[in-house]
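Try each task on your own before reading its solution.

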Amino acid sequence: MKPRLAGIATALLLVIAPGMAAETPAALATRLLDQLDAGLYSEAEASFSTQMKAAVPADKLKAVWESLPAQMGAAGQRGQARTSEADDHRIVVIPLNYANGQLQARVALDQNDKIAGFLLQPAAAAPAAAPASDANFNEQPFTVPGSAPGKAGLPGTLALPKGKGPFPAVVLVHGSGPQDRDETIGPNRPFLDIARGLAAQGIAVLRYDKRTHARPQDFKGSFSIDDETTDDAVAAIDVLAGTAGIDARHIYLLGHSQGGLLAGRIAKASQGKLAGLVLLAAPARPLLDLLAEQNRYMVSLDGNISTEEQAHLEALDAAIAAVRSNPDARLMETPGRFWQQLEQVDPIADVRDSQLPALLLQGGRDFQVVDADWQRWNQGLSGDRYRFHHYPALNHLGIAGEGKSSLEEYARPGHVDATLINDIAHWLKAQP
């Protein structure tokens with residue numbers, strides 16, 4: 001069986017909905033999982049919000065849940081629930097152990113204690129090992145200050161080469177959704193791989209936890225793409241420019257996925273502090289278009305789209321249309337006004353207008369940002385200022401594989417391709 005839904009960046013399974021009385025959020029989420037394990041799908045559906053019921057009726061919920069053992073093996077004991085708040089929702093995360101790997105269930109509860117979102121994704125990986133003692137770089141804690149008075153800073157890590165500086169430096173900017181500093185997805189940490197790979201070649205790298213990951217409480221009500229991404233990236237560039245051992249004339253931004261889409265916007269806001277841009281798997285088209293394409297790709301991997309899958313695609317199309325027309329509608333726990341602002345971004349024009357040199361990198365097995373985007377970048381940016389590298393075997397994370405890429409691939413351990421990292425290092429060192 002196949003998963004029924006692909007998220008924009010890193011979800012294994014995503015059920016989309018907008019945003020019981022005295023039970024805790026953890027108890028409500030646990031009861032949902034108990035009902036699913038017991039095959040009580042109608043009872044589970046009864047705890048859904050109205051829009052969730054429409055998007056995921058009991059028969060669809062049954063098909064999704066019962067497909068998991070075929071993918072992951074026999075279910076084991078669950079881990080301890082963790083609860084947080086984000087944008088007027090209580091979020092409960094419960095680790096799920098299977099014979100062939102780990103997932104985590106993310107349950108979003110609205111203000112009426114109804115389930116408004118349900119996400120199954122690869123479980124968070126164990127902490128990464130420290131660099132080897134003989135590595136030619138160090139890693140040190142680093143704080144990205146808040147971009148405005150009273151705004152909390154973000155925790156991060158600076159990988160700094162050993163020896164006499166100053167060193168060129170790169171700020172890593174995440175893809176969509178809550179992301180930690182390593183951009184962890186299952187057992188994979190693409191930003192950790194890139195940071196250490198570049199630091200080993202004499203290039204400092206700053207990575208930090210995205211605000212939606214570190215400070216979900218900052219996203220209650222309305223927020224903009226600048227609140228979510230741009231402002232913190234600019235603050236990271238600013239503070240890095242004043243850091244000992246860093247060559248302030250040679251600071252670059254590497255944006256992955258949505259981070260690449262916003263790279264030109266960040267460059268403009270950084271007011272001349274950047275020396276160049278690196279775009280990895282960067283969309284050139286609206287993310288809502290890509291979301292619809294990703295879902296169609298996933299449900300068609302077995303060569304057949306079932307009646308229930310077609311109904312899901314139609315529900316997703318309706319939800320996308322709603323956020324495009326209504327700033328108060330919600331998609332993936334995010335308000336329509338955010339999506340509408342994101343749709344107004346012209347990433348190619350922004351990169352071009354920055355007048356900065358840019359390196360563009362794309363995997364040939366990427367099903368999230370595809371050849372249509374790659375061709376637009378190639379057609380929209382011309383001249384010696386721009387360099388393009390295409391890697392046929394790489395997926396959206398820059399990790400090599402074979403055959404058609406899928407979300408299950410993200411649950412298998414791998415590392416960002418060494419050739420890609422070397423190409424970045426070579427381009428950075430070649431800049432005047």
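The exercises below concern a predicted model.

**Exercise 1. Surroundings of Arg211**

Task: Decide whether Arg211 is buried or exposed, and find the residue whose side chain forms a polar contact with the side chain of Arg211.

Solution: 
- Start with the location: Arg211 belongs to helix α6, which covers residues 211-214.
- Next, take the relative accessibility, which is 1% for Arg211. Buried means under 20%, so Arg211 counts as buried.
- Now look for the polar partner: the side chains of Arg211 and Asp232 are joined by a polar contact of 2.9 Å.
- Finally, list the neighbours, leaving out residues up to four places away in sequence: Arg211 touches Gly146, Lys151, Ala152, Leu154, Pro216, Asp218, Phe219, Asp227 and Asp232.

**Exercise 2. Strand β4 and its partners**

Task: Work out which strands pair with β4 and in what sense, then say how enclosed β4 is.

Solution: 
- Begin with β3 (residues 89-98): this strand and β4 pair in the antiparallel sense, over 9 bridges. In this pairing, Ile94 stands opposite Ala105 of β4. The two strands are linked by a hairpin through 2 residues.
- Turn to β5 (residues 115-122): β4 and β5 run antiparallel and are joined by 7 bridges. Gln104 has Gln121 in β5 as its bridge partner.

**Exercise 3. Helices α13 and α14**

Task: Describe how α13 and α14 cross, and find where Asp373 of α14 sits.

Solution: 
- Take the geometry to begin with: the axes of α13 (residues 347-354) and α14 (residues 371-380) come within 10 Å and cross at roughly 35°. The crossing is right-handed.
- Then identify the contact residues: Pro347, Ile348, Val351 and Arg352 on the α13 side meet Arg376, Trp377 and Gly380 on the α14 side. By type, the residues of this contact divide into 4 nonpolar, 1 polar and 2 charged.
- Now move along α14 to Asp373, which is found in this helix. The relative accessible area of Asp373 is 0%, so Asp373 is buried.
- To finish, collect its neighbours, not counting residues up to four places away in sequence: Asp373 touches Ala282, Pro283, Ala284, Arg285 and Leu290.

Definitions and conventions. Residues are numbered from 1 along each chain as its sequence is written. This is a predicted model: local features need pLDDT of at least 70, side-chain atom pairs count only at pLDDT 80 or more; totals for chains, interfaces and linings use all residues. Side-chain values use heavy atoms; hydrogens and water are left out. Helices (H or I, at least four residues) and strands (E, at least two) are DSSP runs, numbered from the N terminus. Buried means under 20% relative accessible area, exposed over 50%, partly exposed in between (1.4 Å probe, protein chains only). A polar contact is a pair of N or O atoms within 3.5 Å; within protein, one must be able to donate a hydrogen and the other to accept it, and residues adjacent in sequence count only if both atoms are side-chain atoms. Contact means heavy atoms within 4.5 Å. Axes are lines fitted to C-alpha atoms, for helices over the stretch in contact, and angles run from 0 to 180 degrees between N-to-C directions. A crossing is left-handed if the near helix is turned anticlockwise from the far one by less than a right angle, and right-handed if clockwise. Ala, Val, Leu, Ile, Met, Phe, Trp, Tyr, Cys and Pro count as nonpolar, Asp, Glu, Lys and Arg as charged, and the others, Gly among them, as polar. Two strands pair if DSSP finds at least two bridges between them.
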